[in-house]
Amino acid sequence: MLLPILIFCFHFKIWPHKDISMSCETFFRVLRHLLFGVAIVGSIAALFFMYFTPTFTFNTSSPDESTIATDQVKNVLPTKNDKILITVLIWLWPFGQAFNLSPCSSLFNIEGCFLTADRNFYNKSDGVVIHHRDIRSDLSNLPMLQRPPFQKWIWMNLESPTHSSKLPGIEKLFNLTINYRQDADIAVPYGSIVPAEDDENFVLPKKDKLICWIVSNWNPNHVRVKYFNELTKHVQVHSYGQAFGSRISDQDFLPTISSCKFYLSFENSIHRDYITEKLYNPLSVGTVPVVLGPPRPNYERFIQGDAFIHTDDFKLPKELADYLLLLDKNQEMYLRYFDWRHYFKVKKAIFWAEHTCKACEYLRQHKEYKTFNDLDKWYWG
């Protein structure tokens with residue numbers, strides 16, 4: 001304490017004096033003025049910080065978390081008119097195929113959806129979509145974290161039961177289902193018939209072939225292969241695909257179908273509501289589909305009955321062949337299969353964006369608790 005006083009006295013040349021008491025008196029007078037000045041400055045500083053506090057915060061999240069959030073949310077945040085933001089996590093890309101995660105509003109008029117494949121959003125996701133065909137047999141690639149109480153796991157599968165393995169342990173695992181079946185929680189058929197626009201004018205494409213079939217999955221034990229083999233004994237079918245040594249490129253796929261009067265829309269297995277793009281592709285390009293699949297009444301839930309020909313309408317493949325040859329010679333009868341095109345058109349499903357966007361829409365409308373405890377019985381039973 002004495003040292004600072006000595007330095008102060010020396011600095012102001014008030015030491016030594018003949019009268020030490022005079023020196024100290026001068027020192028304390030100066031010190032009082034100094035302390036008074038410090039008090040004034042301190043008061044001004046306190047008032048400044050009280051009324052002009054800087055607005056800054058410290059970022060406690062790691063750089064990675066901040067980057068992930070920014071990259072994922074941009075361009076998919078809801079508009080100002082949206083009330084609820086629903087987060088849907090795609091846990092497994094279907095067949096490893098990534099797809100656009102921001103089409104819900106622009107393509108399907110479904111607002112307020114945040115679709116992501118970033119698993120860091122797991123605990124914040126309202127729904128987790130899991131594609132059945134990508135689940136490992138030991139279930140080791142399913143989420144291992146505890147499921148938040150508000151979260152729904154959604155089983156997605158667009159393949160038929162014949163081509164979908166039954167996996168032990170998943171029968172009571174999911175809350176909701178996405179499937180082509182009409183009784184699924186979130187039903188997404190392969191296509192639909194919708195009203196045509198007023199200015200649409202259907203023109204039948206030029207035809208230079210009678211019957212065509214493009215097939216990739218060839219199995220001699222399939223019902224469709226056996227029917228095809230019998231049908232070709234009575235009428236020519238232009239066949240394409242690996243089994244016939246004549247592959248069709250993606251660019252030539254629809255034009256080839258369009259060039260035929262009839263197309264064999266034969267499903268690889270027969271199940272309720274399992275009506276795939278094999279029906280909607282020829283319908284969309286002006287070709288009459290000859291279907292083999294579920295019974296006719298099942299088809300007529302999706303498409304007008306006079307827009308297609310069903311193999312069940314004939315006792316034998318020969319009778320079908322005779323009918324197709326008759327239509328080939330009678331243009332008036334043939335054109336009747338396109339009467340529906342004056343009022344309707346084909347809308348094909350957009351894989352896989354439409355499925356996840358509809359899942360978002362469902363989650364927005366259904367907040368109640370729900371579980372699905374009989375997946376095996378419902379789908380494979």
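Tutor: What follows is a conversation about the terms used for this structure and the values behind them.

Tutor: This is a predicted model, in which local features need pLDDT of at least 70 and side-chain atom pairs count only at pLDDT 80 or more, while totals for chains, interfaces and linings use all residues. Residues are numbered from 1 along each chain as its sequence is written, and side-chain values use heavy atoms, with hydrogens and water left out.

Student: How many helices and strands are there in the protein chain?

Tutor: The protein chain has twelve helices and 13 strands, where helices (H or I, at least four residues) and strands (E, at least two) are DSSP runs numbered from the N terminus.

Student: Why is His131 called buried?

Tutor: Buried means under 20% relative accessible area, exposed means over 50%, and partly exposed lies in between, with a 1.4 Å probe and protein chains only. His131, which lies in strand β3, has a relative accessible area of 0%, and is therefore buried. Across the protein chain, buried residues make up 43% of the 381 residues.

Student: What does His131 touch, apart from residues up to four places away in sequence?

Tutor: Contact means heavy atoms within 4.5 Å, and on that criterion His131 touches Leu92, Pro94, Phe95, Met156 and Trp352. A separate value is the distance of 8.5 Å between the C-alpha atoms of His131 and Ile154, which are 23 residues apart along the chain.

Student: What makes strand β1 largely enclosed by the rest of the structure?

Tutor: Five of the five residues of β1 (residues 86–90) are buried, so this strand is largely enclosed by the rest of the structure. Both faces are covered, with Ile86, Val88 and Ile90 buried on one side and Thr87 and Leu89 buried on the other.

Student: How do you know that β1 pairs with β2 and β3?

Tutor: Two strands pair if DSSP finds at least two bridges between them. Four bridges link β1 to β2 (residues 113–116) in the parallel sense, and three bridges join β1 to β3 (residues 127–131), again parallel, so both pairs meet the requirement of at least two. Leu89 has Thr116 as its bridge partner in β2 and stands opposite Val128 in β3, while Val88 stands opposite Leu115 in β2.

Student: Why do β2 and β6 stand at the edges?

Tutor: The open sheet of six strands has the order β2-β1-β3-β4-β5-β6, with parallel pairing. β2 and β6 (186–187) each have a single partner strand, so one side of each is left without a neighbour in the sheet.

Student: Which strands form the open sheet of five strands?

Tutor: Its order is β9-β8-β10-β11-β12, with parallel pairing, and its edge strands are β9 and β12 (309–310), each pairing on one side only. Strand β11 (residues 288–292) and β12 pair over two bridges, and Val290 has Ile309 as its bridge partner in β12.

Student: What makes a set of residues a nonpolar core?

Tutor: A nonpolar core is a set of buried Ala, Val, Leu, Ile, Met, Phe, Trp, Tyr and Cys residues joined through side-chain atoms within 4.5 Å. The largest has 61 residues, and those with the most contacts inside it are Ile130, Tyr280 and Leu283. Helix α11 (residues 353–365) gives the most to this core, with six residues. A second, separate core of 31 residues includes Leu210, Leu231, Tyr240 and Leu320.

Student: Which residues lie nearest the centre of the largest pocket?

Tutor: Ser216, Phe253, Glu277, Lys278 and Asn281 lie nearest its centre, among the 33 residues that line the largest pocket. Among the elements that each supply at least two lining residues are α6 (250–258) and α7 (277–284). In α6, Thr256, Ile257 and Ser258 are buried, and what covers the buried residues of α6 includes β8, β9, β10 and α7.

Student: What does the word pocket require?

Tutor: On a 1 Å grid over the protein atoms alone, a pocket is an open set of points where a 1.4 Å probe fits, with protein on both sides within 12 Å along at least five of seven lines, and lining residues have an atom within 4 Å of a point.
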